[in-house]
Amino acid sequence: MLATIPATRLTVTTDLEDDVRREVRALHEFLVGWFTGTLARGDFEAAFLPRFDPAFLLVAPGGTLLTLADLAASVRPGYASNPGFRIAIRKVRIRRLFDHHILATYEEWQRNALASTPPENARIASVLLRKAEPLQWLHIHETWLPESVASAGPYDF
């Protein structure tokens, strides 16, 4: 239970911030590579699934709950289905440190996202990561950024 884990009073180190930033970007680079078909099909089991805790849960921006099995079932068949798909990750921030967990936020901007409406969209995500080597994803909660922010872009990535 997260409520029983005491928060640390440590200052966030640059190394930890860099690790979180690198992991958030790496996961989304995987998704771009998967949907554009630039990765090998075997990378799904080797580079995608191991990032997640078996009890992982994603709250999508529309409120849909996805378990790891649900997420895998929605991502796997999308291989090479969207050659123009792009993601930009912005404003990765550690918000809270716990003894064994990290709470962070980031913005995810998508371009040519054929499975989303609109295909150019932006969301903010909160993520709970387990401090491990490598970092492990436990929970993501995504919310659409306000239309006034998302429509202003930029989508030049």
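Trainee: How much space lies in the largest cavity?

Mentor: General idea first: rolling a probe the size of a water molecule over the atoms shows where empty space is left. Here a cavity is a set of points, on a 1 Å grid over the protein atoms alone, where a 1.4 Å probe fits but cannot get out. Points are joined across faces, edges and corners, and the volume is the space filled by probe spheres set on them. In this structure the largest cavity holds about 30 Å³. Keep in mind that this is a predicted model, where local features need pLDDT of at least 70, side-chain atom pairs count only at pLDDT 80 or more, and totals for chains, interfaces and linings use all residues. Residues are numbered from 1 along each chain as its sequence is written, and side-chain values use heavy atoms, with hydrogens and water left out.

Trainee: Which residues line the largest cavity?

Mentor: Lining residues have an atom within 4 Å of a point. Here they are Glu17, Arg21, Val92, Arg93 and Ile94. The elements giving two or more residues to that lining are α1 (14–36) and β3 (86–97); helices (H or I, at least four residues) and strands (E, at least two) are DSSP runs, numbered from the N terminus. The largest share, 3 residues, comes from β3. Lysine 91, also in β3, has a positive phi of about 55° without being a glycine.

Trainee: What span should α1 have?

Mentor: The expected span is 1.5 Å times one less than the number of residues. With 23 residues, α1 should therefore span 33 Å, and its end C-alpha atoms are 32 Å apart, which agrees. Just after α1, glycine 37 takes a positive phi of about 80°.

Trainee: How many bridges join β4 to β5?

Mentor: Two strands pair if DSSP finds at least two bridges between them. Strand β4 (residues 101–111) runs antiparallel to β5, with 10 bridges; tyrosine 106 has alanine 125 of β5 as its bridge partner. On to β6 (residues 136–144): β5 pairs with β6 in the antiparallel sense over 8 bridges, and a hairpin of 5 residues joins them.

Trainee: Is β5 (residues 121–130) mostly covered or exposed?

Mentor: Buried means under 20% relative accessible area, exposed over 50%, partly exposed in between (1.4 Å probe, protein chains only). In β5, 7 of its 10 residues are buried.

Methods:
1 Å grid on protein atoms, 1.4 Å probe; cavity = no way out; pocket = protein on both sides within 12 Å on 5 of 7 lines; lining within 4 Å.
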